[in-house]
Amino acid sequence: MLGAVEWVSANGGRRNGRRHAAGRPNVVLIVSDQQRADTMPGAAHRPPVMGTPHLDWLAQRGMLFRSAFCASPLCTPARVSLLSGIYPHATGMVANHQPRPITEEMRLPADVPLLADYLKPLGYVCAYTGNWHLGTGSDRRGFSDLVTRSADFDVDGPHQNETLWFGAQVGTPTDANYVRNYDPARFDRRIQVGPSLLPLAFHPATRDAYAAAHFIRMMAIDPPHRPFCLVYSCHEPHQPFVSPRPFDTAYLPEQMWLPKTLRDPAAVALAQARGQRLKAAAQWNEDDLRRMWAAYGGAVSYVDHLVGIVLEALISTEAWENTLFVFTSDHGEMLGSHGLLFKGEALFEELVNVPLLVVPPGGLAAPHETGRLVTHIDLVPTLLRWCGAEVPAALQGKDIRALIKGGDVGVHDGVALEYHSTDWGEHPMPLRGWRTEDWKYVEVARGPGVRVPFGAPRWEAESAELYDLTNDPLETRNLIHEPAYAAQCRRLRDQLYGWLGESGDRWPEVALPREFLPPRGGARSRRN
């Protein structure tokens with residue numbers, strides 16, 4: 001696991017908080033999976049019993065962004081954009097990459113650099129532990145100095161899967177995909193809730209967190225005192241809502257709040273007209289939903305525990321004062337909001353508004369939070385500038401250093417949102433959204449329909465949703481067909497199309513697979 005770095009520990013020395021050559025900070029990025037922004041410290045709709053003591057500690061020293069957005073509410077496109085600073089339509093990674101032959105059509109291009117590819121030439125030692133899901137198998141690109149591999153979609157073969165290997169060592173047969181490592185005797189498949197098959201110390205996310213902490217400790221005795229970039233990503237709180245004990249029973253269902261928009265038939269109808277990935281919450285009763293929320297809350301607290309493992313290593317090795325620390329999640333989860341569960345063909349706030357907490361080196365003198373718009377696309381250019389690197393013109397984000405340091409001047413008039421399909425090979429239901437501080441506008445592309453020269457399908461975009469977020473922050477009233485808001489709709493559409501032109505997005509034309517996977521059994525359908 002210790003990759004390409006030759007670790008030297010003869011002197012047993014520490015950094016003692018010293019800055020690296022050229023004053024470059026360490027970079028630590030922790031990414032959870034499918035975590036809602038309203039689970040963060042101080043969120044208005046968070047159940048009071050939900051505990052996140054390590055995130056609370058970080059929030060006292062950093063900037064908490066309340067209006068941070070992912071590029072796409074799906075794992076692979078969101079993660080590629082987070083690490084590349086480029087939107088999904090430009091990277092080509094527009095859907096989830098799964099271990100199936102058709103997905104090989106959609107590969108991360110070699111000419112799309114990731115964060116580590118920029119930092120390694122500056123002398124950074126780069127490590128990645130945990131969930132990857134970028135569709136490159138075992139290759140972590142520039143993150144080559146320490147790597148863990150714990151799932152079937154992150155390896156080139158089962159011999160590289162550390163979850164399988166460790167399960168064999170402890171006598172507990174585990175699944176090749178660690179998201180399915182629940183205790184089958186106590187797992188409720190109907191509501192996707194149950195305990196982990198493995199105890200806390202053996203759970204894959206715990207082991208990956210300790211690997212991250214080990215890397216930090218090895219860097220503390222690295223004689224050249226090189227700066228490092230560490231990304232640690234856990235699978236939690238993604239469904240199935242499974243955590244190791246004691247987190248699986250941390251909260252009682254009756255302690256959980258249900259979303260205020262649980263009864264939203266218009267949103268359910270809108271989502272179900274688009275596809276089958278988002279599930280209607282009506283098929284579960286309120287007791288079921290409270291059990292899901294309790295399990296999800298326990299998984300969020302488990303994520304906080306994992307953050308603490310990494311944080312303790314930074315502090316005990318005295319690397320903390322020279323570390324730029326970022327916590328975020330790839331995207332959100334509906335979990336009953338708007339009468340829907342999981343993720344899919346929608347751009348509601350619960351899916352696209354993500355946690356983002358940044359602590360600059362040395363921390364801030366007091367806790368800060370901001371409602372200014374930022375996006376995952378901003379992180380790579382911001383981190384590069386903080387580390388003294390050149391920022392390539394191809395990167396599509398803004399520099400948010402001033403906001404991180406406590407400023408209040410916005411950098412975006414609006415941010416773009418994208419959706420293509422959940423898995424590559426599915427019939428797409430493409431969406432584009434434009435989110436300002438006060439409004440959200442969403443378009444949907446219909447097609448393929450009328451043929452055009454050279455046999456290419458023509459896709460046509462139509463306005464689908466318009467929300468006044470000042471007066472309707474829960475997005476309960478779609479104003480798209482109300483004449484009084486037609487001018488506002490045109491203004492937002494013009495802003496979206498201005499961004500489309502600047503970013504090279506050919507919307508409503510979208511990439512299509514050679515053939516489509518059947519929705520529920522049956523033969524594949526080829527694209528005409």
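**View 1. R141 sits in the loop between β4 and β5.** Strands here are DSSP E runs of at least two residues and helices are H or I runs of at least four, numbered from the N terminus. R141 isn't a glycine, yet its phi is positive, about 55°. R141 is buried at 19% relative accessible area, where buried means under 20% (1.4 Å probe, protein chains only). This is a predicted model, with local features needing pLDDT of at least 70, side-chain atom pairs counting only at pLDDT 80 or more, and totals for chains, interfaces and linings using all residues. Residues are numbered from 1 along each chain as its sequence is written, and side-chain values use heavy atoms, leaving out hydrogens and water.

**View 2. H133 is in the loop between β4 (125–130) and β5 (146–147).** Its phi is near 60°, positive for a non-glycine residue. H133 is buried, at 6% relative accessible area.

**View 3. Q239 and P240 are joined by a cis peptide bond.** Omega is about 0°, and P240 falls in the loop between β7 (228–237) and β8 (241–243).

View 4. P246 lies in the loop between β8 and α7 (265–274). For context, most peptide bonds are trans.

**View 5. The second largest pocket is lined by 31 residues.** Lining residues have an atom within 4 Å of a point of the pocket, an open set on a 1 Å grid over the protein atoms alone where a 1.4 Å probe fits, with protein on both sides within 12 Å along at least five of seven lines. D38, H45, E350, N353 and L474 lie nearest the centre of this pocket.

Note on methods. Buried < 20%, exposed > 50% of the residue type's maximum accessible area, 1.4 Å probe, protein only.
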